[in-house]
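Reader: I've got a model open and I'd like to know what some of the labels on it rest on. Can you walk me through them?

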Amino acid sequence: MSVTELSISTQNYLKAIWSLGEWSEDPVTASALAARVGVKMSTVSDAVRKLTEQGLLEHTRYGAIRLSTQGHEYALAMVRRHRLIETFLVEVLGYSWDQVHDEAEHLEHAVSDFLVERIDQHLGHPSRDPHGDPIPGADGQVARPDAVLLSTVPPGSSAQVERISDDDPRLLTFFAEQGIGVGTVLDVRPGAPFSEAIEVAVTGATASISLGRSATSSVWVAVTGDSAPSSPS
């Protein structure tokens, strides 16, 4: 059965559960799922029960919510649709990266499997979407980049941006205005004491940008080098 035969609600729940665990090792809870989907806890509880009965989830009372093998396949199909559509909107239709998430949320339920594969072919089988998230292959394989949160990178390091969360379009707009995107190399510098902020500068630039915790916790990077000064002798 194709993922297109599932209800929109089921498609949304399966994609949300997979996405919650993609960049976090925390167990997926009903409260986290309710916040992600934007519904009440009671609604999530009913949905989880029904999806478990349908064999799409594995869940025991008060336990973590997990996708079954079949549920996992459907979830990846939805993630693939979403990220290919986002990439198409940016690369072909000229959308900015802060505009595509909500648009793709609507379109992913309407396109056919055939159209999804034609989009993939037209784009040259991209492996990442505009925000750096991996696009699952048609075979269900996901090549996740080896990256860590920018908030964990020590000052003095150089780091290449691998992924920026698309949860907040305003943050994406801010990064674009600062010249920061996927592939940008940043020099990480200490922030003000007790501020929980760091300073970053695009490699080659003299001016630095102060980023607070909400920003640094939305950026995943690959550390490319350590430029910290040596300790004085």
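Author: One thing before the annotation: UniProt annotations may be inferred rather than shown by experiment. This is also a predicted model. With that in mind, the unreviewed UniProt entry annotates residues 1-68 as "domain: HTH dtxR-type".

Reader: What does the chain look like over residues 1-68?

Author: That stretch is 53% helix and 6% strand, with its end C-alpha atoms 15 Å apart. The domain assignment, for its part, gives domain 1 as 3-71 and domain 2 as 148-225. The centres of domain 1 and domain 2, taken over C-alpha atoms, are separated by 32 Å.

Reader: Why are H2 and H3 called roughly perpendicular?

Author: Helix H2 (residues 30-37) packs on helix H3 (residues 41-53) at about 110°, and their axes are 9 Å apart. Roughly perpendicular covers 65 to 115 degrees, so H2 and H3 get that name. Ala30, Ser31, Leu33 and Ala34 of H2 make the contact with Met41, Val44 and Val48 of H3.

Reader: What makes up that H2 contact with H3 by class?

Author: Six nonpolar residues, one polar and no charged.

Reader: And what makes H4 oblique to H5?

Author: The axes of helix H4 (residues 69-91) and helix H5 (residues 100-107) cross at roughly 125° and come within 9 Å. Perpendicular stops at 115 and antiparallel needs over 145, so H4 is oblique to H5. H4 also passes H5 in a right-handed crossing. On the H4 side, the contact is made by His82, Ile85, Glu86, Leu89 and Val90; H5 brings Val100, His101, Glu103, Ala104, Glu105 and Leu107.

Reader: How many charged residues does the contact of H4 with H5 have?

Author: Three, along with six nonpolar and two polar ones.

Key
Residues are numbered from 1 along each chain as its sequence is written. This is a predicted model: local features need pLDDT of at least 70, side-chain atom pairs count only at pLDDT 80 or more; totals for chains, interfaces and linings use all residues. Side-chain values use heavy atoms; hydrogens and water are left out. Axes are lines fitted to C-alpha atoms, for helices over the stretch in contact, and angles run from 0 to 180 degrees between N-to-C directions. Helices (H or I, at least four residues) and strands (E, at least two) are DSSP runs, numbered from the N terminus. Angles under 35 degrees count as roughly parallel, over 145 as roughly antiparallel, 65 to 115 as roughly perpendicular and the rest as oblique. Contact means heavy atoms within 4.5 Å. Ala, Val, Leu, Ile, Met, Phe, Trp, Tyr, Cys and Pro count as nonpolar, Asp, Glu, Lys and Arg as charged, and the others, Gly among them, as polar. A crossing is left-handed if the near helix is turned anticlockwise from the far one by less than a right angle, and right-handed if clockwise. Domain bounds come from an automatic or database domain assignment.
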